[in-house]
Amino acid sequence: MVTSTAGGRGEAPPTLPRVSVDDVRMARKTLEGVARTTAMEGSRHLTSLVGSPVHLKCENLQRTGSFKLRGAYVRIAGLPPAERARGVVAASAGNHAQGVALAASLLGVRSTVFMPVGAPLPKVAATREYGATVRMHGHVVDETLEAAQEYAARTGAVFIHPFDHPDVVAGQGTLGLEILEQCPEVRTIVVGIGGGGLAAGIAVAVKALRPDVHVIGVQAEGAAAYPPSLAAGRPVALESVATMADGIKVGRPGDIPFEIVGDLVDEVRTVSEDALSSGLLLCLERAKLVVEPAGASPVAALLASPGSFAGPVVAVLSGGNVDPLVLQRTLRHGMAAAGRYLSLRLRIHDRPGALAALLRELSVVDANVLDVSHVRTDPRLGLDEAEVELHLETKGPEHCVDVASSLRAAGYTVMS
């Protein structure tokens, strides 16, 4: 984990609009009857790790499955009638797309959403069902964004930015007000950061009312634009981004969120892909919550350094829109990171019943066999030898050691 101190950068340039707690309060009134006040759930497992109470703010249970509805609705609701009549356009691979589509439908505004080719089919289908016209363009979000902006320039439709607008930041900040009401004793709030709209909004609300509360942002190591940007004093674009956490896979901070994060967010940390997978797995197994990798980033940070958070802690689960295939791969990755998969190569005598005997030995040590590969033709093998590669499901790192030790005790040559 890498940590970057953010707070105390001074006043923002006068050309950038500021967002105040009054803006957040107004946004909350706008969202009445639209956005849900999502649940706050305690986590006994994380509490035991951190050493003080940990609560999960379940924004994965928000309408459309993420916090994005809040900012999108406030932004579109604030458009004058003439701009509403021209419709709105957005670019997104998922969460923002759905937030804009539903918000526009609720307000009677025509919406067009550009999505990259290859976007998860459930997210494309949901965006259409919420009422948007979906256009597939480009293979990465940057190409999709360019297409949406060109469409806005050509048609007059209003471009709805996913994070770089004061109305969007104010809308996301309503989460901060809810956190303070649901957990008034909170001392630390942990939230994922992509472009920065959510973290900025929460920080605006929380620091105005409870300046003693520590706000910590979390980025994926492969898409961590904030640490170098904070060090440089300005938004810096990464040359490339690579992470399973699509919701925070942003290569450059937004101008407006960056100024707020620099002033009000106390710290920005980064987490590995292994930690993201482990965080998602924990949410599913222990909390019974389906959370996407970006939404699990605060939990990943808690797992990576549990002793470094002053409690009570609130971890914001920002979204739950995860493609089933991505979920399957991420869970496998998380189980491997947790030591619950074991891959072994070993040699056995090449005779009838030898493989069956090996499998019986594995059943005795309670290892679940997922896959077996049996090789007889490798020139490194003796005439009476065969090599077996096994993929096993285990109960954790200690069980992995026990399985390998039991096989060696039974006379097998374990290669790896």
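Me: Which residue of β6 is the bridge partner of Val113, and what makes β5 and β6 a pair of strands?

Reply: Val113 has Val134 as its bridge partner in β6. Two strands pair if DSSP finds at least two bridges between them, and four bridges join β5 (residues 111–115) to β6 (residues 133–136), so the two are paired. They run parallel. Strands here are DSSP runs of E with at least two residues, helices are runs of H or I with at least four residues, and both are numbered from the N terminus. This is a predicted model, in which local features need pLDDT of at least 70 and side-chain atom pairs count only at pLDDT 80 or more, while totals for chains, interfaces and linings use all residues. Residues are numbered from 1 along each chain as its sequence is written, and side-chain values use heavy atoms, with hydrogens and water left out.

Me: What is the handedness of the crossover from β5 to β6?

Reply: The chain passes from β5 through helix α6 (residues 121–129) to β6, and this β-α-β crossover is right-handed. The term applies if, with the strands pointing away from the viewer, the path from the first strand over the helix to the second runs clockwise.

Me: Why are β6 and β7 called edge strands?

Reply: The open sheet has four strands in the order β6-β5-β4-β7, with parallel pairing. Each of β6 and β7 (158–159) pairs on one side only. Two bridges join β4 (residues 88–91) to β7, and Val89 has Phe159 as its bridge partner there.

Me: How do you know that Ala97 is buried, and which residues does Ala97 contact?

Reply: Buried means under 20% relative accessible area, exposed over 50%, and partly exposed in between (1.4 Å probe, protein chains only). Ala97 has a relative accessible area of 0%, so Ala97 is buried. This residue lies in helix α5 (residues 95–107). Leaving aside neighbours within four places in sequence, Ala97 is in contact (heavy atoms within 4.5 Å) with Ser92, Val113, Met115 and Thr127.

Me: What makes Glu178 a buried residue, and with which side chain does Glu178 make a polar contact?

Reply: The relative accessibility of Glu178 is 4%, and therefore Glu178 counts as buried. Glu178 is in helix α8 (residues 166–182). A polar contact is a pair of N or O atoms within 3.5 Å; within protein, one must be able to donate a hydrogen and the other to accept it, and residues adjacent in sequence count only if both atoms are side-chain atoms. The side chains of Glu178 and Lys57 make such a contact at 2.7 Å. Beyond the neighbours within four places in sequence, the contacts of Glu178 include Arg28, Arg36 and Arg70.

Me: Why are the buried residues of α15 placed on the same side of the helix?

Reply: Ala354, Leu358 and Leu362 are buried in α15 (residues 354–364). They lie on the same side because they cover an arc of only 85° around the axis, taken from the directions from the helix axis to the C-beta atoms. The face turned away from that buried side carries the exposed residues Arg360 and Val364.

Me: Are Lys288 and Asp366 buried, partly exposed or exposed?

Reply: Lys288 has a relative accessible area of 64%, so Lys288 is exposed. Asp366, at 43% relative accessibility, counts as partly exposed. Lys288 has a positive phi of about 60°, and phi of Asp366 is near 65°.
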